[in-house]
Every structure is written in structure tokens, then in C-alpha cells.
Amino acid sequence: MQDLAWAISLWLMALLAITFIYVVMKSGDKADASAVQSGAGKIRATLFWLILIAGVPVTMVTLTDLPYAAQSDATAQIVTAEGSQFNWDISPTTIVAGKPVEFHVTAADATHGFAIFDDTMTLLTQTQAMPEYTNILKYTFSKAGTYKVLCLEYCGSGHHVMSAEITVVAAGGM
Ligand SMILES: [Cu+2]
């Protein structure tokens with residue numbers, strides 16, 4: 001869905017850019033004063049007001065459908081994660097499957113990479129852990145189990161020991 005919206009946006013942006021370039025290229029021509037008085041001018045004026053009047057409600061309705069508003073989920077489980085050389089400080093480490101999790105990820109010293117792997121060591125999701133900034137990573141674990149957190153950003157001599165575990169329990173099992 002997001003890819004489609006992105007593709008449509010790109011096409012519309014290209015169309016707008018082409019129109020803009022066309023208008024700029026044509027702007028050297030003298031205005032046709034008779035056209036403004038005639039039917040062409042009236043059609044232009046009608047279209048202008050139609051777009052303006054229709055545009056406002058259409059924009060308002062479609063903006064509410066953007067995914068951004070839906071992202072702040074009050075039911076999400078909040079987990080804070082702070083990376084430091086060479087350790088992860090994660091709280092809580094036990095969460096419930098099937099419910100969205102919001103990881104608030106930051107770092108104490110250098111930039112680290114906060115990455116979550118399943119038991120087959122498949123990367124599920126990741127974000128940067130940066131000093132003085134909190135990245136919010138949203139993820140919903142579909143099944144219970146033990147998940148590994150590893151650092152994906154080389155951060156010094158002990159980078160490879162930066163590992164932690166998250167326990168995901170089935171809903172109602174907590
Ligand atoms: Cu690292």
C-alpha cells in the first residue's frame with residue numbers, strides 16, 4: 001500500500017514538474033487578452049474555483065487516511081533499549097506476542113545498531129541506536145519464543161559481544 005502511494009506520488013510530482021517547466025517555457029509569450037474575455041477565460045476561472053473548492057475537502061478527507069496517525073498506538077507495549085559499549089540495557093525483556101511493541105531505542109556513547117533476530121537468526125527488524133536521540137521502532141511478534149538483540153553497527157573492540165535476549169510469551173501467559 002505504501003509502495004503504491006509512493007509510486008502515485010512520484011508520478012504526480014513528475015506531472016507537476018513537467019507542467020511547471022512547460023509554463024515557465026511558455027511564460028515568454030505575450031498574453032492573449034482576447035482569450036481572457038472569451039470562453040477560454042471563463043473555463044479557466046471556473047476550473048480555478050472548482051479545484052479550490054473541491055481541493056480543500058478532498059485534501060482533508062484523504063489526509064486522515066495517511067498511515068502516520070495510526071502509528072501512535074496507545075495499546076503498544078513500550079520497551080526501552082539503550083546501547084552502550086558493549087552492552088544492551090533493555091526493559092522490560094519479557095513481552096507479549098500478537099500485541100504491537102514500541103521499542104524506544106537510544107545509545108549512551110557511540111552509534112550502535114539495534115537488531116532483533118529470531119531463533120533461526122533471521123533478521124526481523126532493526127534501527128539505529130544513536131546518542132541523544134530516541135528512535136521508535138514498531139514491531140509485533142507473531143509467536144512466542146526467545147529473540148536475540150545484536151548490534152549491527154561496528155562500535156569498537158567489544159562490538160561482537162553486544163548481545164541480549166528478549167522473551168516473547170503467548171498472550172495470557174504472562
Ligand atoms: Cu556494535
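This briefing describes a copper site and a group of aromatic rings. The structure is a predicted model in which local features need pLDDT of at least 70, side-chain atom pairs count only at pLDDT 80 or more, and totals for chains, interfaces and linings use all residues. Residues are numbered from 1 along each chain as its sequence is written, and side-chain values use heavy atoms, with hydrogens and water left out.

**Copper site**

- The copper ion has the protein donors Cys 151 (SG), Glu 153 (O), Cys 155 (SG) and His 159 (ND1), at 1.9 to 2.4 Å; donors are N, O and S atoms within 2.8 Å of the metal (3.2 Å for Na, K and Ca), and sites may look incomplete because water is not among the atoms.
- The spacing of these donor residues in sequence is C-x1-E-x1-C-x3-H.
- Cys 151 counts as buried because its relative accessibility is 7%, where buried means under 20% relative accessible area, exposed over 50% and partly exposed in between (1.4 Å probe, protein chains only).
- His 159 is also buried, at 17% relative accessibility.

**Aromatic rings**

- The whole structure holds six aromatic pairs; rings of Phe, Tyr and Trp (its six-membered ring) pair if their centres lie within 6.5 Å, and planes under 30 degrees apart count as stacked, over 60 as edge-to-face and the rest as tilted.
- Phe 103 and Phe 141 make an edge-to-face pair, with 6.3 Å between centres and 80° between planes.
- Both Phe 103 and Phe 141 are buried.
- Tyr 139 also pairs edge-to-face with Phe 141, at 4.9 Å centre to centre and 75° between the planes.
- Tyr 139 is partly exposed, at 22% relative accessibility.
- One aromatic cluster comprises Trp 88, Phe 103, Phe 114, Tyr 139, Phe 141 and Tyr 147.
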